[in-house]
Every structure is written in structure tokens, then in C-alpha cells.
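Thanks for coming. I will take a few minutes on one structure, so please look at it first.

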Amino acid sequence: MRYSGAPASLIATWFVPPLVLVAPAAFKGTLGPRAVAEAIAAGVRRALPEAKVLECPVADGGNGLLDAVLSPGSLRERLEVTGPIGDRVSAELGWIDDETAIFESSSACGLALLEPEERDPLRTTTRGVGELIWEAADRGAKTIVVGLGGSATVDGGTGAARGLGWTFQDAAGQALPDGGGSLANLDSFGPGWALHARVVGLADVTTPLLGDDGAAPIFGPQKGARPEEIVRLEQGLARLAVLWSKAGRAELGTMPMGGAAGGLGAGLAFFARAGLTAGANWVLARVGFDAALAKADLVITGEGVFDRTSFVGKVPGEVVRRAQVARKKVAVIAGRVEEMIGVHAVGAEGRILDAPALTGLAAQVAREALGL
């Protein structure tokens with residue numbers, strides 16, 4: 001069909017179907033990133049039946065990491081390990097390939113494993129994380145990727161170290177109990193078993209172990225610590241950092257990401273020789289996000305709450321940043337949204353979003369973002 005007065009090249013452009021890249025994170029407590037991506041894609045197709053939609057679920061080291069990284073047919077095992085308060089829990093270990101294992105630390109020591117009244121970072125432990133690392137290595141993993149996010153702990157990774165054979169003693173030579181509350185009495189530690197796998201910790205924060213913006217004051221309250229308990233946790237982490245410094249790792253107290261998961265980041269760096277990296281960047285590289293972004297006309301991301309903190313280590317913020325740098329249209333769907341200049345965002349005023357609600361908002365966002 002011809003339209004008089006319009007160049008043929010312009011008419012052809014009108015009929016090029018847009019490519020919409022759907023790259024959301026998990027909505028904590030409701031839907032994983034893959035389910036969110038499917039719901040948003042359904043909304044885009046409802047609004048723009050001619051559109052090409054590419055689903056690219058993402059994560060940053062916290063909730064939904066395995067969903068984002070593993071293909072539907074990948075091996076995923078359930079293993080029984082020590083939970084955050086010492087009981088046994090069923091944690092999930094995934095396999096990217098025969099030599100690369102991956103898991104979320106929250107599956108072994110996460111807040112979601114506890115009732116609100118059970119939250120107590122003075123005694124909660126990351127021991128199950130170390131047990132999962134050891135199990136993965138025992139199964140042949142040469143590289144073990146650990147997502148650091150959503151933990152119920154502030155133990156500096158000493159629990160994980162116990163799961164790898166390390167011991168911790170007070171000045172009298174007595175074994176310290178698990179948890180961050182005992183670390184102020186730490187006098188020495190003994191070496192663990194030989195671990196021959198490379199460990200990579202994926203962090204969704206830049207928080208250091210110590211300081212006013214360190215693990216205890218920043219994460220302690222959300223994990224159940226009262227003000228006086230935060231002081232106790234700070235003292236313990238500081239004592240741990242002193243011993244690390246004497247062992248030649250003085251940087252661990254202040255390095256970025258060391259405070260992730262209540263100090264698990266720094267703990268794994270020392271006790272498991274782990275390398276720490278920004279989870280958002282690692283995942284986006286793994287799923288080929290930049291190649292897909294280059295072809296996209298519109299990018300839609302999302303998470304439960306989108307605010308300024310989303311740009312400090314969180315993957316939706318990194319998706320928005322990269323889309324803006326590439327001069328792509330970008331939109332955000334979230335349960336709660338803080339308005340920001342240059343970001344087209346649609347929220348649900350704090351309501352929990354299920355799949356049908358996400359689909360409806362996605363249809364709205366697609367029309368608005370493309371000016372329909």
C-alpha cells in the first residue's frame with residue numbers, strides 16, 4: 001500500500017517491527033527472573049503483536065541467579081546442608097558445565113529460611129555455604145560461583161570457613177560458637193582442608209567489611225540486630241580483620257564488596273581464596289546482554305523495588321545505565337518506584353505484582369515507551 005507524499009524509505013521504516021529486549025531481575029518473594037521475563041514478554045506481545053521479543057532474565061548475585069544463568073535443561077541438585085540457625089536445609093547446587101558449579105548463598109543461609117522472630121545475626125551462620133563449596137569441589141567442580149545476597153548472617157564468612165575445615169578459638173583455646181556475636185572473643189584460627197577449586201563470589205553491593213558503611217551497620221538491622229548488637233558485630237568483624245591483616249591480607253577490611261552477605265565476601269576471599277566481582281556485570285556478560293542490546297529498540301527491566309539504590313550494584317540499574325549509554329529507549333516495571341529523571345518507570349504503588357499484573361503493566365509500558 002502506497003501513501004502519497006511520503007518517501008518510500010520512510011514508509012518502509014514504519015513497518016519494521018520493533019525488537020524489545022526484556023531483561024528483568026527477580027521480584028523477591030514472588031517470581032524468579034525467568035517467570036518475570038515471560039510475563040513481561042506476554043504483555044509486550046499483547047500491545048505490539050508484530051514486535052520481536054527477546055527474553056533475557058538477569059540477576060546480580062542475589063535472588064534468581066540460577067534462573068538467570070542456567071538453561072532450562074541444566075543439572076540442578078538439592079543437597080542437605082547446615083542452615084542459618086544450625087538446622088538442616090535443602091540447598092540448590094547448579095551446574096553451568098561439568099566443571100563449573102553455581103549456587104546462591106541464600107539457599108543455605110538466607111533470610112527467607114527464617115521466621116522473623118528467628119532472625120539473630122549474633123548466632124546465624126554461613127556454615128552451609130562452605131559445605132556447598134566443598135560438595136561442589138568433591139563432585140569435580142574446578143570453578144565454583146557463589147552468589148552473595150539475601151543472607152541472614154553477619155559472621156564474616158567464618159561459618160563458611162568451618163564448612164571448609166577451619167577452626168576458631170578464643171584466648172583460652174576454646175572453640176568459638178557459630179555466629180557473629182562470638183567473633184569479638186576471637187584469638188586465633190586453624191587452617192582448613194585443601195580446596196583445589198577456584199571460587200568466584202558475585203556481589204550485588206559495594207559495601208566494605210568495616211566502617212560506618214560496613215557490613216554490621218548497613219546489613220545488621222535488616223537481619224534482626226538491635227543497636228547494641230550492631231556494636232558487638234562491628235567489634236567481631238574488626239577483630240577478624242586484625243587477624244587477617246596479621247596473615248598478610250590487610251586490605252580485606254576495607255575492600256569494596258567485602259561486606260557482601262554480612263562479610264561473607266571478605267571471608268571467602270581469605271578462607272577460600274575467592275575472587276570477588278560485581279554480580280551484575282558477570283551475569284550480563286554470561287547471558288550476552290550487550291549483543292542483544294545492540295539490536296534492541298526498547299529495553300524493559302524490572303524488580304520489586306526500583307530506587308536510587310538500584311544503581312549501586314543491582315542489575316536493573318546496570319541494565320538501565322547500559323541502555324542509556326547505547327541511546328536505547330528503556331523502561332522499568334516495579335512493585336514500588338522512585339521517580340528519577342531520564343528513567344521511564346511504572347510502579348504498582350507497593351502492591352505485590354503477580355504474573356497477570358506484570359503482563360498488564362508491560363503492555364502499558366510498551367505502548368508508552370514507543371509513543372503509541
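Is Trp244 buried or exposed? Trp244 is buried, at a relative accessible area of 0%; buried means under 20%, exposed over 50%, and partly exposed in between, with a 1.4 Å probe and protein chains only.

Some ground rules. This is a predicted model, where local features need pLDDT of at least 70, side-chain atom pairs count only at pLDDT 80 or more, and totals for chains, interfaces and linings use all residues. Residues are numbered from 1 along each chain as its sequence is written, and side-chain values use heavy atoms, leaving out hydrogens and water.

Next, the rings. Rings of Phe, Tyr and Trp (its six-membered ring) pair if their centres lie within 6.5 Å; planes under 30 degrees apart are stacked, over 60 edge-to-face, and the rest tilted. That rule gives 12 aromatic pairs. In one of them, Trp244 and Phe270 are stacked, with 5.7 Å centre to centre and 25° between the planes. The two residues are 26 apart, Trp244 in helix 8 (residues 227-246) and Phe270 in helix 9 (residues 260-271). Helices here are DSSP runs of H or I, at least four residues, numbered from the N terminus. Phe270 is also buried, at 13% relative accessibility.

Now helix 9. Because 12 of its 12 residues are buried, helix 9 is largely enclosed by the rest of the structure.

Last, the core, meaning buried Ala, Val, Leu, Ile, Met, Phe, Trp, Tyr and Cys residues joined through side-chain atoms within 4.5 Å. The largest nonpolar core holds 58 residues, and Leu268 is among those with the most contacts inside it. Helix 9 gives the most to this core, 8 residues.
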